[in-house]
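Colleague: I'm new to this one, and I'd like to learn how to read it. Could you walk me through it feature by feature?

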Amino acid sequence: MPDMSENIIEKIKWDDAGLVPAVAQQFDTGVVLMVAWMNRDALHTTIKEGRAVYYSRSRRKLWRKGEESGHVQTLKEIRIDCDRDTVLLKVDQLGGIACHTGRHHCFYFLKLDDGQWVEDGEVLKDPRDIYG
């Protein structure tokens with residue numbers, strides 16, 4: 001059976017820089033862990049390796065989630081949205097920490113709670129202990 005990945009990847013609506021947003025979601029709980037960017041190489045590599053690989057706009061290179069922290073995202077499922085301009089990665093977040101701040105997910109900063117903006121998400125591990 002031929003590999004359809006290349007055909008599908010070409011149908012994605014990449015932006016002018018050749019990127020598409022990628023949402024990482026914990027596969028078993030549905031918690032949105034983070035949003036990052038992917039280029040074609042990142043998506044190919046993610047499919048090939050079975051782990052989340054993103055494109056770092058600041059470093060202008062691929063980065064494997066967890067390459068420094070050890071907090072790898074193993075791939076469970078990939079979906080592309082109806083407009084073909086966003087990728088959803090359903091992953092298993094090893095170590096339970098997706099955010100570089102040492103939290104479970106990146107959406108801790110502010111949450112609207114009963115009309116008030118509050119921080120929501122405890123630090124599970126000090127980033128200095130993760131990255132040095």
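**Reading the pocket, the bridges and the surface**

Modeller: Let's start with the largest pocket, which is lined by 21 residues, with Met-34, Arg-59, Trp-63, Lys-65 and His-100 lying nearest its centre. Keep in mind that this is a predicted model: local features need pLDDT of at least 70, side-chain atom pairs count only at pLDDT 80 or more, and totals for chains, interfaces and linings use all residues. Residues are numbered from 1 along each chain as its sequence is written, and side-chain values use heavy atoms, leaving out hydrogens and water.

Colleague: How do you find a pocket, and how much space lies in the largest pocket?

Modeller: Rolling a probe the size of a water molecule over the atoms shows where empty space is left. On a 1 Å grid over the protein atoms alone, a pocket is an open set of points where a 1.4 Å probe fits, with protein on both sides within 12 Å along at least five of seven lines; lining residues have an atom within 4 Å of a point. Here the largest pocket holds about 470 Å³, a volume being the space filled by probe spheres set on the points, which are joined across faces, edges and corners.

Colleague: Which strand gives the largest share of the lining of the largest pocket?

Modeller: That is β2, with 4 residues. β2 (32-38), β3 and β4 each supply at least two; strands (E, at least two residues) and helices (H or I, at least four) are DSSP runs numbered from the N terminus. By class, the lining has 10 nonpolar, 5 polar and 6 charged residues. Nonpolar covers Ala, Val, Leu, Ile, Met, Phe, Trp, Tyr, Cys and Pro, charged covers Asp, Glu, Lys and Arg, and the others, Gly among them, are polar.

Colleague: How many salt bridges does the structure hold?

Modeller: Side chains of opposite charge can pair when their charged atoms come close. The cut-off is a side-chain nitrogen of Lys or Arg within 4 Å of a carboxyl oxygen of Asp or Glu, and the structure holds 8 such salt bridges. One of them joins Arg-40 and Glu-10 at 3.3 Å, N to O. That pair links distant parts of the chain, 30 residues apart: Arg-40 is in helix α2 (residues 40-49) and Glu-10 in helix α1 (residues 5-11).

Colleague: What about Asp-120 and Lys-111?

Modeller: Asp-120 forms a salt bridge with Lys-111, their closest N and O atoms being 3.9 Å apart. Elsewhere, salt bridges that share partners join Arg-59, Glu-67 and Glu-68 into one network.

Colleague: What is the phi of Arg-60?

Modeller: Most residues other than glycine have a negative phi. Arg-60 has a positive phi of about 55 degrees, although it is not a glycine, and sits in the loop between β3 (53-56) and β4 (61-64). Asp-114 also has a positive phi of about 55 degrees, in the loop between β7 and β8 (116-118).

Colleague: Is Phe-109 buried or exposed?

Modeller: Exposed, with a relative accessible area of 53%; exposed means over 50%, buried under 20%, and partly exposed in between (1.4 Å probe, protein chains only). Phe-109, Leu-110, Leu-112 and Trp-117 form a nonpolar surface patch with about 480 Å² of accessible area together. Nonpolar patches join side chains (Val, Leu, Ile, Met, Phe, Trp, Tyr) within 5 Å, from residues with over 30% relative accessible area and no salt bridge; the areas come from the Shrake-Rupley method with a 1.4 Å probe.

Key
Patch = residues over 30% accessible without salt bridge, like charges linked within 9 Å, V, L, I, M, F, W, Y side chains within 5 Å.
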